[in-house]
Amino acid sequence: MTLGRIRYFWSKPELIYLDKYAYTCVLLMTHLIYSTASTTFGPTFVDLTYTLDAPMKIISLFPTVVSVGNILGTLFGLVFKYVNRQLTLICLLLLMAISSTIIPFTRQVWQLFICAFFFGIGSGAWITAYNVWLIEMWQDNSGKILFLSQVMYGIGSVLGPLIDSSYVTGDQNRTDTTLAIISEEDRRQKLAIPYMISGGIQIIFPTIMLIMFFTRKYENKVKNLEPTRDQGSRTKLFNRCLFKRRLLYIALIAVCLSAINSLDLIYFNFLAPYLTYIPAHLSASRAAELSSALGTAYTVGQAVNFFVAMFISEKIMIFYHLLITILSIVGLFFVQNSELGIWVLTITVGFGFSLLYPGILSFTGRYIEITNRIGTVFWFSCGAVQFIPPIILGQFIEDKPDAFIIIQIIQLLIGLIAFIIIFNSFCKMLL
């Protein structure tokens, strides 16, 4: 087959939908690997305090530095109109792979923070473009794809801590005094294995995306499709609102998504240190296994939610998942000496988390067309909110681990209040 025939074959209009499915598969798998890399960090924080000879209050600033990079990375959403989104993401995903791989080889805290910063830039750009890209391709059917996206994120959140579990040592003075104390260099060599595994698999799908760029570059071929009757009527109602009211709605959604999204940051990054410092004093490998169990419950919850959504409305599901999450996190106050209780409530929290972010994003997406610009506002605010909790937790996690619970309760209440206001406003809009 000649090159001309190959180009003719790939240019056929009927392959537009093949484009959509192929790109959706690659994006979902890339998101799974992104989640794996992101959840590899938290369980290694205690070990990094030894390899870098720095206190936990310094190492715990790692997510804050990632958030600074996130904030800058989200700004790429403003330039995707002028530069190719696909090629830009390929470059930034490769930057994330390199920066995360070299983390265990850092010798100074500033080197660790440089890695965190560059990983954050890629992460911010990825989240901004990824969600908008899926919504752009699937339009009013994006809700199911966003749920599937969270399933992939959940699977990655299981794999990240599992990769860590055999290679983390933790604080031997608190957890296991019967084993010989290992040196900082031995810790570094052990940590290198999970980070190299994570970095290696991060390279796979940007490479596939690069091949697709040259063989079948993505084009937004559904942008001129007419919206469905329901979607069109809802977005028209929103567009008729006064400009200041539209800004208020967008701000409320940004607050709600930021509060909920920040919970993932806290739980996956600080669960392992929290479990080390509470009275139960779980070992580093045990804490990593619990983080993996959290991800498992999160993933299973996504599958359950997919079927429950056929019988129960999205808004009701969001409210009862918020309630489950709040009650489970409050319950952690009372089980800090019980490993069984910690397991049960952590799994329950994972199930509660499973619907919140994709559910709220899908619900609001029915009323607002989430463009690159609006998406940038949402994920910029997520990065800005993520900047604060690690600073607070770093100061208190060792001596007052309850701060881990208190911060999450505050964020959940903010998210709940914001969602109630959004829900009431949209209901009034339809009257």
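**Group meeting: rings and surfaces in a predicted model**

Okay, let's start with a pair of neighbours. Phenylalanine 213 is buried, because its relative accessible area is 14%, and buried here means under 20%, with exposed meaning over 50% and partly exposed in between (1.4 Å probe, protein chains only). Phenylalanine 214, on the other hand, is exposed, at 64%. The two form an edge-to-face aromatic pair, 5.2 Å centre to centre and with 85 degrees between the planes. For the term itself: rings of Phe, Tyr and Trp (its six-membered ring) pair if their centres lie within 6.5 Å, and planes under 30 degrees apart are stacked, over 60 edge-to-face, and the rest tilted.

Before I go on, a word on what you're looking at. This is a predicted model, where local features need pLDDT of at least 70 and side-chain atom pairs count only at pLDDT 80 or more, while totals for chains, interfaces and linings use all residues. Residues are numbered from 1 along each chain as its sequence is written, and side-chain values use heavy atoms, with hydrogens and water left out.

Now the overall picture. The chain has 19 helices and zero strands; these are DSSP runs numbered from the N terminus, with helices (H or I) of at least four residues and strands (E) of at least two. Of the 431 residues, 57% are buried. Take the contacts with a separation of 6 or more: 85% of them join residues 24 or more positions apart, where contact means heavy atoms within 4.5 Å. The accessible surface comes to about 18700 Å², and carbon and sulfur atoms hold 67% of that. Those areas come from the Shrake-Rupley method with a 1.4 Å probe, and for residues only the protein chains shown count as cover.

Back to the rings. How many aromatic pairs does a search of the whole structure find? The search turns up 19. One of them is tryptophan 126 with tyrosine 130: the ring centres are 4.8 Å apart and the planes sit at 25 degrees, so this pair is stacked. Both are in helix α7 (residues 109-138), four residues apart, which is about one turn of the helix. Are they buried or exposed? Tryptophan 126 is buried, at 0% relative accessible area, and tyrosine 130 is buried at 0% too.

There's also a cluster: ring pairs link Phe41, Phe45, Phe62, Phe119, Tyr195 and Phe270. Asparagine 269, in helix α13 (residues 243-277), touches two members of that cluster, Phe41 and Phe45. Among its other contacts beyond four places in sequence are Ser38, Gly42, Pro63 and Asp264. Asparagine 269 counts as buried because its relative accessibility is 8%.

Some rings have a charge over them, meaning NZ of Lys or CZ of Arg within 6 Å of the ring centre and within 35 degrees of the ring normal. The charged end of lysine 20 sits over tryptophan 138, 4.2 Å from the ring centre. Arginine 85 lies over the face of tryptophan 133, at 4.6 Å from the ring centre.

Helix α7 also holds phenylalanine 118, which is partly exposed because its relative accessibility is 35%. Leaving out residues up to four places away in sequence, phenylalanine 118 touches Leu95 and Ser99.

Last stop: phenylalanine 380, in helix α17 (residues 372-386). At 34% relative accessibility, phenylalanine 380 is partly exposed.
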